[in-house]
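The following exercises are to be worked with the sequence and the model side by side. Each task is followed by a solution in steps.

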Amino acid sequence: MLDKIYIDRLKSGNCDEFDQVLPSSFLDVDEDELSFCGDIKVHGKAYLSGDHLTLQLNASATAQMPCRICNQVTRVTIELKNSCMPVALEEIKGAVFNPNELVREIILAEVPAQTECKGNCPLREELKPFLKEEEEIYFPFKDLEEK
Ligand SMILES: [Zn+2]
């Protein structure tokens with residue numbers, strides 16, 4: 001879990017830097033379609049700007065998803081670079097912000113909807129006739145083209 005951020009400590013213009021390695025269980029997703037493995041690295045800083053707390057975040061995680069073509073489990077690297085998240089101070093109760101849920105959501109939002117093994121599934125051509133048949137409807141039949 002990430003450390004809590006104490007707003008009072010940031011009030012004199014200080015920056016709260018964090019650099020943590022978390023287990024993949026931090027993301028709390030373990031399904032057939034999506035799970036995570038290895039470490040999750042999170043580093044960044046928190047500071048106040050006006051009436052907001054801003055988190056500036058770098059993170060990396062490794063997702064495991066089935067290839068959309070051949071269904072083989074494929075690893076996908078999720079990376080966040082200097083993502084900035086403002087949080088309104090009025091939403092922070094007791095002047096202590098627990099960043100875990102927000103960081104979790106931000107990382108999960110970066111997971112692609114689907115993936116393909118090796119970035120380009122070798123079975124793509126082979127399986128093409130069985131994929132999304134409705135796509136073929138938009139193309140004229142070959143013998144019509146020859147007229
Ligand atoms: Zn594949």
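**Exercise 1.** In this predicted model, determine which residues A59 touches, leaving aside residues up to four places away in sequence.

*Solution.* With those sequence neighbours set aside, the contacts of A59 are I40, K41, V42, L80 and I107. A contact here requires C-beta atoms within 7 Å.

**Exercise 2.** Identify which residues touch the most other members of the largest nonpolar core, and state which elements each supply at least two residues of this core.

*Solution.* Step one: the largest nonpolar core has 18 residues, and L27, I40, A59 and A61 touch the most other members. Step two: at least two core residues come from each of strand 3 (35–49), strand 4 (52–66) and helix 2 (100–109). Step three: strand 4 provides the largest share of this core, with seven residues.

**Exercise 3.** Locate D28 and decide whether D28 is buried or exposed.

*Solution.* Step one: D28 is found in the loop between strand 2 (16–23) and strand 3. Step two: its phi is positive, about 55 degrees, although D28 is not a glycine. Step three: D28 has 10 C-beta neighbours inside 10 Å, and a residue with 12 or fewer is exposed; therefore D28 counts as exposed.

Note on methods
Residues numbered from 1 in each chain as written. Predicted model: local features only at pLDDT ≥ 70, side-chain atom pairs only at ≥ 80, totals over all residues. Core = buried A, V, L, I, M, F, W, Y, C linked by C-beta atoms within 7 Å. Buried ≥ 20, exposed ≤ 12 C-beta atoms within 10 Å, placed from the backbone. Helix = DSSP H or I, 4+ residues; strand = E, 2+ residues; numbered from the N terminus. Contact = placed C-beta atoms within 7 Å.
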